[in-house]
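I opened my notebook to look up a few things in this structure.

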Amino acid sequence: MFKVKTKKIKSILFKKKIVAGLLNDIAEITAGQIKTDVKKGMGVKTKLKPLKASTIKRKRKKGSRFPRKPLIDTGKMTNVVQTKEASRTNLMSEIDVARNMREIADYHNEGAGHLPKRLWFGIGKKTKDRVKKMFKARARDIIKTSLGKLK
């Protein structure tokens, strides 16, 4: 039977540095997945609702490179970045769009008036799957490292 001193494991596994690193990795994965999905015309759960013919026509007139694709006309909406990084003293990580795009981003995410709901900012299945893989890999690394320290 394999016995482990739980105090040593807790001190190794629950270091704030490790938790902060995990939170920052989750933020990075989420921001990257949002960018990738929007460029492909996908939202958090489903495909983004198509644009109206009048919107496509207006975007063509303005010289848009992608007049049929929602949310990527200027590229500002896909500029999702980590705005707060987790650290040992602050175990919180955040991602956001540019400050001047927040209101517009909310309108698209929630829908408003004539604008249909295009849920694009959030954590979807692909993001969850990528985070699970990252957790498993990190857990293996932590266990390998901690077992070496217990000897």
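I call a residue buried under 20% relative accessible area, exposed over 50% and partly exposed in between, using a 1.4 Å probe and protein chains only. By that rule, 29% of the 151 residues of the protein chain count as buried.

I noted the basis. This is a predicted model, where local features need pLDDT of at least 70, side-chain atom pairs count only at pLDDT 80 or more, and totals for chains, interfaces and linings use all residues. Residues are numbered from 1 along each chain as its sequence is written, and side-chain values use heavy atoms, with hydrogens and water left out.

I looked up the fold next. The protein chain has five helices and two strands (DSSP runs, helices being H or I with at least four residues and strands E with at least two, numbered from the N terminus). Along the sequence I read α-α-α-β-β-α-α.

I then checked contacts, meaning heavy atoms within 4.5 Å. I took pairs of residues at least 6 apart in sequence in the protein chain; 59% of these contacts join residues at least 24 apart.

Where is threonine 78 found? I found threonine 78 in the loop between helix H3 (53-62) and strand E1 (81-84). Is threonine 78 buried or exposed? Threonine 78 counts as buried because its relative accessibility is 10%. Leaving out residues up to four places away in sequence, threonine 78 touches Lys35, Val38, Leu71 and Ile72.

I ended with lysine 132. Lysine 132 sits in helix H5 (residues 125-150). Lysine 132 has 53% relative accessibility, so it counts as exposed.
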